Amino acid sequence: MDQTILYLFLMIMLISYVQSMNGSQDPDKNSTVEVSLLDNQQMPLVALFDTSKLNHVLKDYIIKTVKEATDQRVPMIKTAVIEDIGYETGQIHERPAFTASLKTDIYPKPRETIIFDQVWLNVGNTYNSITGVFTVPRNGLYFVSGTFMSAAGMNLHCHLIKNNQVIFGLFGHDYSPGTLHSVMLLEEGETIYIKHDNNAEETMLGRHYSMFSAYLINEQ
């Protein structure tokens with residue numbers, strides 16, 4: 001008996017769905033379904049089922065099911081994406097990164113820290129545009145790069161400094177840039193910056209020809 005009732009219910013749902021797909025505009029039209037229960041010419045038995053509200057019930061059920069599934073899946077997808085790219089604005093897991101350039105030409109003094117004053121990106125506020133210093137926010141593997149262009153007919157000597165220790169040197173001459181591309185293991189609280197290192201008068205070309213940047217590749 002239970003299987004018969006289930007069969008009838010499924011048949012009603014299927015027939016109602018087919019009617020809705022056929023473009024019935026009148027909710028009261030064809031609002032009953034005739035289902036043969038006993039196919040006997042001598043004693044036919046037929047049941048009539050009212051389906052006027054079935055389409056609405058089925059529609060509401062589908063919408064509810066889709067919404068519940070979406071509410072469950074979207075946060076999971078968002079979490080997976082964030083974990084994959086390691087960044088979400090304003091969150092603790094955002095990936096530190098900065099890019100800054102020099103607006104105008106400068107004449108740095110000996111051992112003067114170069115301040116790249118046009119900040120294009122500063123995720124996590126790790127680069128200080130007042131001091132020119134990048135402070136490492138988390139232990140990890142970082143990519144550090146820079147381009148420092150000399151003026152016409154002049155030399156330019158600079159060094160990448162880590163915690164007051166000279167790491168790499170850069171040299172440019174007559175509009176040829178000194179370039180730096182390095183992968184470094186850095187610890188939280190360490191500082192990275194660029195210093196001029198020559199006693200002679202030199203010029204660093206601004207106008208965004210000279211730039212400095214770094215970003216976290218992955219945490220250690």
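User: Why is strand E7 called largely enclosed by the rest of the structure?

Analyst: Count the residues. Strand E7 covers residues 140–149, and seven of its ten residues are buried, so the rest of the structure largely encloses it. Buried here means under 20% relative accessible area. Keep in mind that this is a predicted model.

User: How do you know which strands E7 runs antiparallel to, and how many bridges join them?

Analyst: Two strands pair if at least two bridges are found between them. E7 and E10 are antiparallel and joined by ten bridges, while eight bridges join E7 to strand E12, residues 211–219, again antiparallel. To see it residue by residue, Phe 148 has Gly 178 in E10 as its bridge partner, and Leu 141 sits opposite Asn 218 in E12.

User: What is the order of strands in the open sheet?

Analyst: The sheet has five strands in the order E4-E3-E12-E7-E10, with antiparallel pairing.

User: What makes E4 and E10 stand at the edges?

Analyst: Strand E4 (118–123) and strand E10 (177–186) each have a single partner strand, so one side of each lacks a neighbour in the sheet. Neighbouring strands here are turned against each other by 10 degrees on average, direction ignored. For E4, there is a pairing with strand E3, residues 97–101: five bridges, in the antiparallel sense. Ala 100 is found opposite Val 119 in E4.

User: Why is the aromatic pair of Phe 98 and Tyr 127 called stacked?

Analyst: Two checks. The ring centres of Phe 98 and Tyr 127 are 4.7 Å apart, and rings pair if their centres lie within 6.5 Å. The planes are 5 degrees apart, and planes under 30 degrees apart count as stacked, so the label holds. The two residues are also 29 apart in the chain, with Phe 98 in strand E3 and Tyr 127 in strand E5, residues 127–128. Phe 98 and Tyr 127 are both buried.

User: And why is the aromatic pair of Phe 116 and Phe 148 called tilted?

Analyst: Their centres are 5.8 Å apart and the planes make 40 degrees. Stacked needs under 30 degrees and edge-to-face needs over 60, so 40 degrees falls into the rest, which is tilted. Phe 116 lies in the loop between E3 and E4 while Phe 148 is in strand E7, so the pair ties together parts 32 residues apart in sequence.

User: How do you know whether Phe 116 and Phe 148 are buried or exposed?

Analyst: Compare the values with the cut-off of under 20% for buried. Phe 116 has a relative accessibility of 0% and Phe 148 has 1%, so both count as buried. Both also belong to one aromatic cluster, together with Phe 98, Tyr 127, Phe 134, Tyr 142 and Phe 212.

User: Why does Arg 138 count as buried?

Analyst: Arg 138 has 18% relative accessibility, and the cut-off is under 20%, so the label is buried. Arg 138 is in the loop between E6 and E7. Its C-alpha atom is separated by 7.1 Å from that of Glu 219, 81 residues apart along the chain.

User: And why does Phe 168 count as partly exposed?

Analyst: Phe 168 has a value of 33%. Buried needs under 20% and exposed needs over 50%, so 33% lands in between. Phe 168 belongs to strand E9, residues 165–173. Apart from neighbours within four places in sequence, Phe 168 is in contact with Cys 158, His 159, Leu 160, Leu 180 and Ser 182.

User: In which parts of the protein chain is confidence lowest and highest?

Analyst: Helix H1, residues 2–21, has the lowest confidence, with a mean of 54, whereas strand E6, residues 133–135, has the highest, at 98. The chain as a whole averages a pLDDT of 78, with 62% of the residues at 70 or above. Where pLDDT is low, the predicted coordinates should not be read in detail.

Note on methods: Residues numbered from 1 in each chain as written. Predicted model: local features only at pLDDT ≥ 70, side-chain atom pairs only at ≥ 80, totals over all residues. Heavy atoms only, no water. Helix = DSSP H or I, 4+ residues; strand = E, 2+ residues; numbered from the N terminus. Axes fitted to C-alpha atoms, helices over the stretch in contact; angles between N-to-C directions. Buried < 20%, exposed > 50% of the residue type's maximum accessible area, 1.4 Å probe, protein only. pLDDT = per-residue confidence, 0-100. Phe/Tyr/Trp six-rings, centres within 6.5 Å; stacked < 30°, edge-to-face > 60°. Contact = heavy atoms within 4.5 Å.
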